[in-house]
Amino acid sequence: RGLACEGNSLLLFVCFGSYFLTAMKFLLVFDFDHTIVDENSDTWIVKCAPEKKLPNGLRNSYRPGHWTEYMGRVFVYLGDNGVKEDEMKRTMTTIPFTAGMVDLLGFIGENKELFDCIIASDSNTVFIDWILKAADFHKVFDEVFTNPAAFSSTGYLTVQNFHAHHCAKCPKNLCKRKVLKEFLDKQLERGVSYTQIVYIGDGGNDLCPVMFLKKDDIAMPRQGYTLEKKISQLAQDLSPVECSVLVWSSAVDIMSYLKLLIKK
Ligand SMILES: [Mg+2]
Ligand SMILES: [Zn+2]
């Protein structure tokens, strides 16, 4: 950018203009399950199964790190038992939002000039679309990064891995650090950089992206959940994360922080 600006006052103005416009933009990165909604969407769908439960053989077929394949088998089971798309949708849209989350997402939606907002989730595109659209929150989010899902011609829900990666810490289908890094690179190419990244999550797979955050960024782990425990373990081991950490138990806590942030 520096070179492009040299010796041309109009271009210089444009460069500074765009710099000024992007100078106060914050990136909010949300996990979905147990963060935006107060449940695991992949567990909630089991309410559609006969007797609202899965046979033991299927339940025990999960192998660590291979969640997407496991959910694929769950969707085959639901399809085999005649569970249709509209029933799944009706069930999924009853999933509760986390306390204070409806207000928080409303607040972010009213301040979109200050906040870019993305989701990085190990759920799937169909569930997240249904839930966000039913509550009219889909416009709050600029992008949703999650496992792509679709209904087949025979009416079965199918799901695929979001991507392939080489991270040893993350499940095979998704490394949220890679998601975040690629998103930031893409934004930078478009001339967008962020004053601060705010990462909001609860799970073990949220640690990898949190460890990528820098000292001006902030991780907001949900109180009492795996991410918080892993972050405090790192601090106890004298290798704390580089970013600031602020624990939340209700999304009201997150909103208070964001209000503070935009007053500065
Ligand atoms: Mg989660
Ligand atoms: Zn990773």
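Two residues count as in contact if their C-beta atoms, placed from the backbone, lie within 7 Å. Keep that cut-off in mind. What we have here is a predicted model.

Let's start with one residue, Glu228. What does Glu228 touch, leaving out residues up to four places away in sequence? Pro221, Arg222, Gln223 and Val247. Take Val247. Val247 is 19 residues from Glu228 along the chain, and their C-alpha atoms are separated by 7.3 Å. Glu228 itself sits in helix H11, which covers residues 226–236. Buried or exposed? The threshold for buried is 20 or more other C-beta atoms within 10 Å. Glu228 has 21, so Glu228 is buried.

Now the sheet. There are 6 strands, and the sheet is open. The order reads S3-S2-S1-S6-S7-S8, with parallel pairing. Which strands stand at the edges? S3, residues 143–147, and S8, residues 244–245. Each has a single partner strand, so one side of each has no neighbour in the sheet.

Helix H9, residues 176–189, packs on this sheet. H9 touches S1, S2 and S3, and its direction makes about 150° with that of S2. H9 has 14 residues. From first C-alpha to last, H9 reaches 20 Å, close to the 20 Å expected at 1.5 Å a residue. Its buried residues are Lys176, Arg177, Lys178, Val179 and Leu180. Those buried residues pack against S1, S2, S3 and helix H10, residues 207–210. Just after H9 comes Gly191, with a positive phi of about 85°.

Next, strand S2. How many of its 10 residues are buried? The count is 9, so S2 is largely enclosed by the rest of the structure.

S2 spans residues 115–124 and pairs with S1, residues 26–30, in the parallel sense. That pairing runs over 5 bridges. Two positions to look at: Leu28 stands opposite Cys117 in S2, and Phe30 has Ile119 in S2 as its bridge partner.

S2 also pairs with S3, again in the parallel sense, over 4 bridges. Here Ile118 stands opposite Glu143 in S3. How does the chain get from S2 to S3, and what is the hand of the crossover? The chain goes through helix H8, residues 125–134. This β-α-β crossover is right-handed.

To recap. Glu228 is buried in the model.

Notes: Residues are numbered from 1 along each chain as its sequence is written. Chains are lettered from A and ligands numbered from 1 in the order in which they are written. This is a predicted model: local features need pLDDT of at least 70, side-chain atom pairs count only at pLDDT 80 or more; totals for chains, interfaces and linings use all residues. A residue is buried if 20 or more other C-beta atoms lie within 10 Å of its own, exposed if 12 or fewer, and partly exposed in between; C-beta atoms are placed from the backbone. Two strands pair if DSSP finds at least two bridges between them. Axes are lines fitted to C-alpha atoms, for helices over the stretch in contact, and angles run from 0 to 180 degrees between N-to-C directions. The expected span of a helix is 1.5 Å times one less than its number of residues. A crossover is right-handed if, with the strands pointing away from the viewer, the path from the first strand over the helix to the second runs clockwise.
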